[in-house]
Amino acid sequence: MTQFATESIADLRAMLTYARPHTSEAEAAFVQRFVNTLPGINYDKFGNGLLRLGSAPVLFSCHTDTVHHASGRQKIVINEGIARLKSPARGLCLGADDAAGVWLMREMIAANVSGLYVFHAGEEFGGLGSGWIAKNCGSMLRGFNAAIAFDRKGTTSVITHQMTRTCSDTFARSLAGILGPTWELDDTGTFTDTANYTDFIGECTNISVGYEGAHGPGETLDTWFLQNLRNELVRFDASKLVIARQPGEVDEEDVGPWEAKFLVSSRLHTYADTFSREVELPDEALVELCRDYPEVAAELIERMGLHVADMIEACEAQGFDVGGGR
């Protein structure tokens, strides 16, 4: 296990203290401190941070928002390399989803790794920032043949499916080969920002960054794993990637486990668009279980690739006034 540099571990600790819902004051402060300070950073009209280094045709992705119920600061502890909340409580989470990705991209930028770095806004609200790019700046994406998100639980996954297939097994194996012998292909992905880019970029994936239990107060982050991953990524060689999939390629016979019920009609819209229709009311026993065990229900919803925006859309379709969200 390689130890963190003092400055790096201090940055990661500080990042995890920000409870930063989309468009909140804490998210703005987080971005000001950890993204605005990157030399060469620019922003699009939605608020996504963009930074181009070199000419490698690879897009690297993370997001700056979290699912905290309220904006503010929180205390964390790190023991034997595992970071967690000091005082877990409902409505809180560690926010390693996706502070870990932000931290990794900062480290890669400092090491001058070639690629386009996109710090997305609004991922936890339904991929809003990446959806905006896909709808309004698609031409910007066409020069890239791979999009790699740092926004996945665990320590071994190279995602091939985000409900539908989003990258080829050939590409995923080549990426796993760069990362190390413990990495493996995983077809159980749900959604992150790179899923919105498949009509423009042939190989779109998501890789593990060491967190577990995202979106809840028990979330943890394996910081030792994250450091070892960082050590591989700061010498990332895009020429070792094998590109086998074309932009917009659709393989309806090859889908992930979550696809059957939640396949969206267009990748240029967020998954919330799927639920802008009336649905049948569920069985009363299921309603009771959701009422009694809301965190379990929320975890299942998140595993299916759905987000806050999806819930708002579904509620409004049924005539409920949810006050615009958070």
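1. Helices (H or I, at least four residues) and strands (E, at least two) are DSSP runs, numbered from the N terminus. The model is predicted, with local features needing pLDDT of at least 70, side-chain atom pairs counting only at pLDDT 80 or more, and totals for chains, interfaces and linings using all residues. Residues are numbered from 1 along each chain as its sequence is written, and side-chain values use heavy atoms, leaving out hydrogens and water.

2. Asn112 is in the loop between H3 and strand S8 (115–120). Although Asn112 is not a glycine, its phi is positive, at about 60°. The residue Asn112 is exposed, with a relative accessible area of 57%; buried means under 20%, exposed over 50% and partly exposed in between (1.4 Å probe, protein chains only).

3. His215 occupies the loop between strand S14 (203–212) and strand S15 (220–222). His215, also not a glycine, has a positive phi of about 75°. Its relative accessible area of 27% makes His215 partly exposed.

4. The peptide bond that joins Asp97 and Asp98 is cis, with omega about 20°. Asp98 belongs to helix H3 (residues 96–110).

5. Leu289, Tyr293 and Val296 make a nonpolar surface patch of about 310 Å². Patch residues have over 30% relative accessible area and no salt bridge; like charges are joined within 9 Å, and nonpolar side chains (Val, Leu, Ile, Met, Phe, Trp, Tyr) within 5 Å. A salt bridge is a side-chain nitrogen of Lys or Arg within 4 Å of a carboxyl oxygen of Asp or Glu. Accessible areas come from the Shrake-Rupley method with a 1.4 Å probe, and for residues only the protein chains shown count as cover. Val296 lies in helix H10 (residues 294–303) and is partly exposed, with a relative accessible area of 47%.
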